[in-house]
Amino acid sequence: MRTPFISILILLLPLAEIAGFVVVGQMVGVWGTLGLVLLSCLAGLILLRLQGLQMLRRLTEEGRDGRVPGDAIVQGAMIVVAAVLLLIPGFITDIIGIALFIPSIRRLLWSFIGRRFVVVNAASYTERRTYTRRRDPARDERVVDLDEQDFHREPKPGSPWSDRRLGED
């Protein structure tokens, strides 16, 4: 059985992050390492806020102009992923997150993974389908209309609806 590459990467990433903490900790000390982790988390929050607001403005502008905001959505999604990677404690995820904030790297990454995605304009999708329920004449004959006095169901013991006093308040 073959394990996908991404599964192996996800399993090895925490080990690599721990090794990164050890190496950086030996270079700058414990407090310096903690400071760098907190600084990258703060940078991720700030960049997420700034870039997220800018992305929302671009989406609004492209929507107002009648264009499909496909590129703005992709760029915005990558920026959100980059900011989340900065929020995660670890130096490897920080390096990947910082790299994703660079527009040329985002375009390069999208050129590799973009072939698997298709952005469809809802206005260009002209085929309309309406689904109707077929009537079954045999079923219609079996319908019995009862008044409230004609039918009642015995409640099951332990059911919350078994005590008729609950609804009589």
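1. The protein chain has 5 helices and 0 strands, running α-α-α-α-α from the N terminus. Helices (H or I, at least four residues) and strands (E, at least two) are DSSP runs, numbered from the N terminus.

2. Please keep in mind that this is a predicted model: local features need pLDDT of at least 70, side-chain atom pairs count only at pLDDT 80 or more, and totals for chains, interfaces and linings use all residues. Residues are numbered from 1 along each chain as its sequence is written, and side-chain values use heavy atoms, with hydrogens and water left out.

3. Of the 169 residues in the protein chain, 18% count as buried (under 20% relative accessible area; exposed is over 50%, partly exposed in between; 1.4 Å probe, protein chains only).

4. Asp94 sits in helix H3 (residues 91-100). This residue is buried but has no salt bridge (a side-chain nitrogen of Lys or Arg within 4 Å of a carboxyl oxygen of Asp or Glu). Arg106, the nearest side chain of opposite charge, is 15 Å away; Lys and Arg count as positive and Asp and Glu as negative, while His and the chain ends are not counted.

5. What does Asp94 contact, leaving aside neighbours within four places in sequence? Its partners are Ser40, Leu85, Leu86 and Ile88, where contact means heavy atoms within 4.5 Å.

6. Asp145 lies in the segment after helix H5 (137-141). Asp145 is exposed, with a relative accessible area of 72%.
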